[in-house]
Structure formats: structure tokens, C-alpha cells
Amino acid sequence: MSRYANAGELRTKIRVFRPVDEPDPDGYTGGISRLENVFDENGFRYCKWVNAHGTEVYEARQAGVTEPATLTLRYTPKITTTCLIYREQDPEPYEVISLNDVENRHVWLEVRVQRKAAAK
């Protein structure tokens, strides 16, 4: 878990998508109809990606979290807890657990993610 990253550590490409509910012809929204990239059409950002390891993995499993990771990237207000994050060319998304504007300085954003789980 890092609170900052050197420029050379920002090596992992991520794409961030926001679910958009579009109303049907009757005006009702019935769930997610499409995903919208928050950084333009084919936009991406670089981040420092740190997977959980050691006892942190066991603690996360007890809490029901699968494949936890911490991302550190330059601050942007476009990422919210409703967003889905795709790591480089990985077809399975991660969901955002929490966001941390480090020291409320709007310089670094620390994002805790987990693999998106199927509904039970």
C-alpha cells in the first residue's frame, strides 16, 4: 500500500468505465445498458498496481473480497465507487471498494479494488 508513486512506477495501463442507465421508450431505467469510458473514447491512465499478498489476502477472503489490489495514480475526480476498472487487456473488470484522495491534496488518488464477483 503506497501513498505516493514515482513517475517511473506508473507502469500499468487501466481503463475506467462508468455504468450508464439509459431509459427505455417508456422512460424507465432497467439496469445498466452500457459502459462509458470516463477518459474519452479510448482513454486510459497509468497507475501503480500493487496486488495484496501475505496475511492481507487471508483477511480479505474472510471479508468476502476476491483478488484485492491497491492502485495509486494521479488525482482525478472522474473515478467514483460506481466505476469498473479494467487492467490493461484483462477481460474481467475490477470494482472499486474505496477511494482515498491522499492527504486531501488532489495530487494522488489511492483506489482499493477487488475482482467483480458474480451475483449470488
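**Charges over rings.** I began with Arg 45, whose charged end sits over the ring of Phe 39 at 4.0 Å from the ring's centre; I counted a charge as over a ring if NZ of Lys or CZ of Arg is within 6 Å of the ring centre and within 35 degrees of the ring normal. I then looked up Lys 13, which lies over the face of Phe 44, 4.4 Å from the centre of that ring.

**What I am reading.** I note that this is a predicted model, in which local features need pLDDT of at least 70 and side-chain atom pairs count only at pLDDT 80 or more, while totals for chains, interfaces and linings use all residues. Residues are numbered from 1 along each chain as its sequence is written, and side-chain values use heavy atoms, with hydrogens and water left out.

**Confidence.** I looked up pLDDT (the predictor's confidence in each residue, from 0 to 100) and found a mean of 87 for the protein, with 93% of its residues at 70 or more. Confidence is lowest in helix α1 (residues 55-62), where the mean is 76, and highest in strand β5 (residues 84-87), where it is 96; helices (H or I, at least four residues) and strands (E, at least two) are DSSP runs, numbered from the N terminus. I remind myself that where pLDDT is low, the predicted coordinates should not be read in detail.

**Salt bridges.** I searched the whole structure for salt bridges (a side-chain nitrogen of Lys or Arg within 4 Å of a carboxyl oxygen of Asp or Glu) and found six. In one of them, Lys 48 meets Glu 9 at 3.5 Å, N to O. Lys 48 lies in strand β3 (residues 45-51) and Glu 9 in the segment before β1 (12-20), so this pair ties together parts that are 39 residues apart in sequence. Lys 48 is buried at 17% relative accessibility, whereas Glu 9 is partly exposed at 28%; here buried means under 20% relative accessible area, exposed over 50%, and partly exposed in between (1.4 Å probe, protein chains only).

I also looked up Glu 67 and Arg 115, whose closest N and O atoms are 3.2 Å apart in a salt bridge. That pair links distant parts of the chain, with Glu 67 in the loop between α1 and β4 (69-74) and Arg 115 in strand β7 (residues 108-115), 48 residues apart. Glu 67 is partly exposed at 46%, while Arg 115 is buried at 14%.

**Cysteines.** I looked for disulfides (pairs of cysteine sulfur atoms within 2.5 Å) and found zero. The sulfur of Cys 83 is 14 Å from the closest cysteine sulfur, that of Cys 47, which is too far for a bond. Cys 47 is buried at 0% relative accessibility, and Cys 83 is buried at 1%.

**Aromatic pairs.** I counted three aromatic pairs, taking rings of Phe, Tyr and Trp (its six-membered ring) as paired if their centres lie within 6.5 Å, with planes under 30 degrees apart stacked, over 60 edge-to-face and the rest tilted. Phe 17 lies in strand β1 and Tyr 86 in strand β5, so the pair ties together parts 69 residues apart in sequence.

Trp 49 and Tyr 94 are another edge-to-face pair, at 5.0 Å centre to centre with 75° between the planes. Trp 49 is buried at 11%, and Tyr 94 is buried at 4%.
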